[in-house]
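Here's a quick tour for a first look. Have the sequence and the model open, and follow along.

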Amino acid sequence: MIDTGLTLETGRLILRVPQRADFEGWARLGRDAEAMRHLGGTKSAFEAWRHFLANVGSWRILGFGPFSVIRKADGQWIGRIGPLHPEGWPGDEIGWTLAREAWGCGYATEAATAAIDWAFASLGWTSIIHCIAPDNTASQAVAKRLGSTLQGVGRLPVPHDQDPIEIWGQTREEWFARRAARTV
Amino acid sequence: MPSAVPSPEPVLETERLILRLPQRGDFERYAEAKTDPDGTRYTSGVLSRPEAWRKFLEYPGAWMLQGFAMFSVVEKSSGLWIGIIGPWQPEGWQGTEVGWSLHRSAWGKGYAYEAAEAAIDWSFDVLGWQEVIHSINPDNVRSQALAQRLGSRKRGSCSLPPPRENVTVDIWGQTREEWLARRARQQSSDHQATRAP
């Protein structure tokens with residue numbers, strides 16, 4: 001059984017298991033064409049709800065899933081970041097999607113770092129990937145800041161099988177070597 | 001605020017079936033059901049395994065967020081997962097639904113009726129719903145027959161929420177009072193049957 005009270009804390013952010021109240025922000029993000037540009041386009045409220053359910057269901061069935069990211073300063077839900085591995089996915093992913101008003105502050109890197117630490121410590125993962133569209137330079141920059149490198153062209157399962165995707169990633173050893181170097 | 005899943009987790013038992021929350025081990029049979037053209041003709045249509053996985057996760061997700069959702073139905077005699085039945089009300093849905101979808105190996109045995117009765121009882125008793133609806137494809141005569149057998153009537157039709165607004169479903173349903181009256185009649189006839197010579 002998962003611990004639904006699981007919470008990770010960083011300097012500016014709280015990462016926790018999604019709650020019902022997060023859906024308003026989740027649905028607003030799904031309506032934002034710019035934020036959804038690399039994620040299959042905008043989502044109706046119904047689609048957003050079903051996607052929200054599936055992400056929460058991942059926590060119950062697999063014991064992990066994307067965290068809701070809350071900004072400490074104002075308590076706002078600003079996005080979803082964390083581990084996911086749906087059926088047919090090309091690897092153990094750490095993914096991130098932030099609401100547009102939270103872009104450009106380094107939140108994605110800050111939250112992803114906490115999520116990667118947790119995934120390696122708690123899930124026994126030996127490597128991580130990030131599936132990123134070839135023209136999504138903002139996410140590529142986050143991947144680089146996390147120490148991940150481009151591994152090649154990938155393919156996602158249906159219904160995303162026609163989306164052009166590159167796979168970025170790193171191993172557990174690379175992650176911990178980099179973490180150790182930074183704390184010296 | 002933790003998970004909305006009730007504690008202890010609900011488990012419903014009927015003569016031949018167990019209804020419990022979905023588990024990871026249910027997915028293989030669920031994926032079989034969702035890749036079956038006959039079994040999905042009047043609902044989602046055939047899904048790939050990755051699509052089935054995302055849909056499967058919606059049920060445990062709804063349990064965590066809403067405290068209710070469709071149950072996994074398990075056949076007592078074999079321990080096999082045979083389907084998914086129970087309360088369902090996604091965002092924008094047209095009412096308080098009790099829906100059903102059975103693996104084709106379990107068709108024709110009265111299992112859907114048996115499980116739906118237990119799920120409707122639970123929905124009225126525990127969730128306090130005032131009515132149940134069943135959204136049924138106009139061509140799905142098997143589900144219409146089941147709705148009738150449960151005492152529901154056709155009330156009209158409506159389109160599904162976007163992006164499936166071009167799909168029209170018939171809405172069958174009944175009120176809490178109708179269900180409780182039906183249950184009282186059944187109990188009274190059961191009582192008479194046991195006293196019959």
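## Ground rules

Contact here means heavy atoms within 4.5 Å. This is a predicted model, where local features need pLDDT of at least 70, side-chain atom pairs count only at pLDDT 80 or more, and totals for chains, interfaces and linings use all residues. Residues are numbered from 1 along each chain as its sequence is written, chains are lettered from A and ligands numbered from 1 in the order in which they are written, and side-chain values use heavy atoms, leaving out hydrogens and water.

## A glutamine tucked in a helix

A:Gln140 sits in helix α4 (residues 137-145) of chain A; helices are DSSP runs of H or I, at least four residues, numbered from the N terminus. With a relative accessible area of 11%, A:Gln140 is buried (buried means under 20%, exposed over 50%, partly exposed in between, with a 1.4 Å probe and protein chains only). Setting aside neighbours within four places in sequence, A:Gln140 is in contact with A:Ile132, A:Ala133, A:Pro134, A:Asp135, A:Glu166 and A:Trp168.

## Salt bridges

A salt bridge puts a side-chain nitrogen of Lys or Arg within 4 Å of a carboxyl oxygen of Asp or Glu. Over all chains, the count comes to 27. One of them pairs A:Arg50 with B:Glu58, with the closest N and O atoms 2.9 Å apart. A:Arg50 lies in helix α2 (residues 45-62) of chain A and B:Glu58 in helix α3 (residues 49-66) of chain B, so this pair joins two chains. A:Arg50 is buried at 16% relative accessibility, and B:Glu58 is buried at 7%.

Within chain B, B:Arg20 and B:Asp26 also meet in a salt bridge, 2.9 Å from N to O. B:Asp26 is buried at 3% relative accessibility.
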